[in-house]
Amino acid sequence: MQTDEQILLSEYKKYDYLNSDSKNPLIKIFVSYIKPSFLFKSEILTPIHLGRTIAKENSKDGVISDNDLEWLYKNCIGDDDFEENISSVNRRVGFLTGTWWAYKNYEKLGNPEYFGSFGYRKLFASECLEDLKDYNLILPKKEIVYSNIKEQMTTFHGESLYTIITEIWKKNFPKDLNSLYTYFEQKEGYYHELYIMKRDLFFDYCNWIFPILNYLLQIDFSKYQDKKISVCQQYFNNKNDMRDIAFIVERITGYYLYKLKNNETKTLEVDVKKIISIDEKQKYKKILLDTIKDYTRKDMQI
């Protein structure tokens, strides 16, 4: 009997014909890995190992074994195989070290008309490729949060990260400040940094996000103090987890995708297939329920 992962990969391989001309592929999608897992690889799906230059350093998952590293070298391209790579900051910035690779090496992918970004545990349902040419942008279906996007972010990751976002917008994008506030006040939004974009939209996104990333990397985050312990600190207390910038990038990417959709870009929203174990699902369910209870108690005290 096939696993869910095997079924999903088989479904994607049905669309390999879209890249029948290997020199001029229609679409390439990066599947980002930080450790071995089920291999999503096809004519369309391209596995990439993130943080390869620092792979042997301690991380939130501990120190990777030689066997695991060998698997990653064998099955994935690396985010460090060109001179201008930013692989060394992957622990903090997440997917963007792979996105930077695509941005700077797009011709090595065959200069595809579409580019997509998935994670090894979060991918779009394969139907996203049906009638692909009818759309400029494919997004994950919006996720509903218990309060609003701002409250969800500050509860899970701390108020300081949201403060940094607003400070960046006030300084660099003052005309967009109201639309930023509007997005963060919504009860549903785009998460996970998952997307498929036409080539021009992808390069527009890169030209927007990487100057912000450069700015974020220069900020002294220690100057910002949170008044209370965040959910991630409470439940995932790990001194090796340094994904502060990644949490910011996930939220502002959601905002960017929201703006694209509102600009009448031809858009399709699709389901996200999450490859998560039963134990992990139960853990996240408990965290969410505890968080909702805390939020309800806070409301009752007002």
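Visitor: Why is Cys206 called buried?

Guide: Its relative accessible area is 0%. Buried means under 20%, so Cys206 counts as buried. Do keep in mind that this is a predicted model.

Visitor: Let's turn to Ile165. Where is its place, and is Ile165 buried or exposed?

Guide: You will find Ile165 in helix H6, residues 159-172. Its relative accessible area is 1%. The cut-off for buried is under 20%, so Ile165 is buried.

Visitor: Which residues is Ile165 in contact with, leaving aside its neighbours within four places in sequence?

Guide: They are Met153, Leu180, Phe184, Ile248 and Ile252. For each of them, contact means heavy atoms within 4.5 Å.

Visitor: Why are helices H7 and H10 called roughly perpendicular?

Guide: The axes of H7 (residues 177-184) and H10 (residues 244-262) cross at roughly 105° and come within 10 Å. Angles of 65 to 115 degrees count as roughly perpendicular, and therefore H7 and H10 are roughly perpendicular to each other.

Visitor: Which residues meet where H7 and H10 are in contact?

Guide: From H7 come Ser179, Leu180, Thr182, Tyr183 and Phe184, and these meet Arg251, Gly254, Tyr255, Tyr258 and Lys259 of H10. Sorted by class, this contact has 5 nonpolar, 3 polar and 2 charged residues.

Visitor: How do you know that strand E6 pairs with E9 and with E10?

Guide: Two strands pair if there are at least two bridges between them. E6 (residues 137-140) has 2 bridges to E9 (residues 195-198), and these strands run antiparallel. E6 also has 4 bridges to E10 (residues 267-270), with these strands running parallel. To find the pairings yourself, look for Ile138 opposite Ile196 in E9, and for Leu137 with its bridge partner Thr267 in E10.

Visitor: And how much of the chain counts as buried?

Guide: Of its 302 residues, 48% count as buried. The chain has 11 helices and 11 strands.

Methods. Residues are numbered from 1 along each chain as its sequence is written. This is a predicted model: local features need pLDDT of at least 70, side-chain atom pairs count only at pLDDT 80 or more; totals for chains, interfaces and linings use all residues. Side-chain values use heavy atoms; hydrogens and water are left out. Axes are lines fitted to C-alpha atoms, for helices over the stretch in contact, and angles run from 0 to 180 degrees between N-to-C directions. Angles under 35 degrees count as roughly parallel, over 145 as roughly antiparallel, 65 to 115 as roughly perpendicular and the rest as oblique. Ala, Val, Leu, Ile, Met, Phe, Trp, Tyr, Cys and Pro count as nonpolar, Asp, Glu, Lys and Arg as charged, and the others, Gly among them, as polar. Buried means under 20% relative accessible area, exposed over 50%, partly exposed in between (1.4 Å probe, protein chains only).
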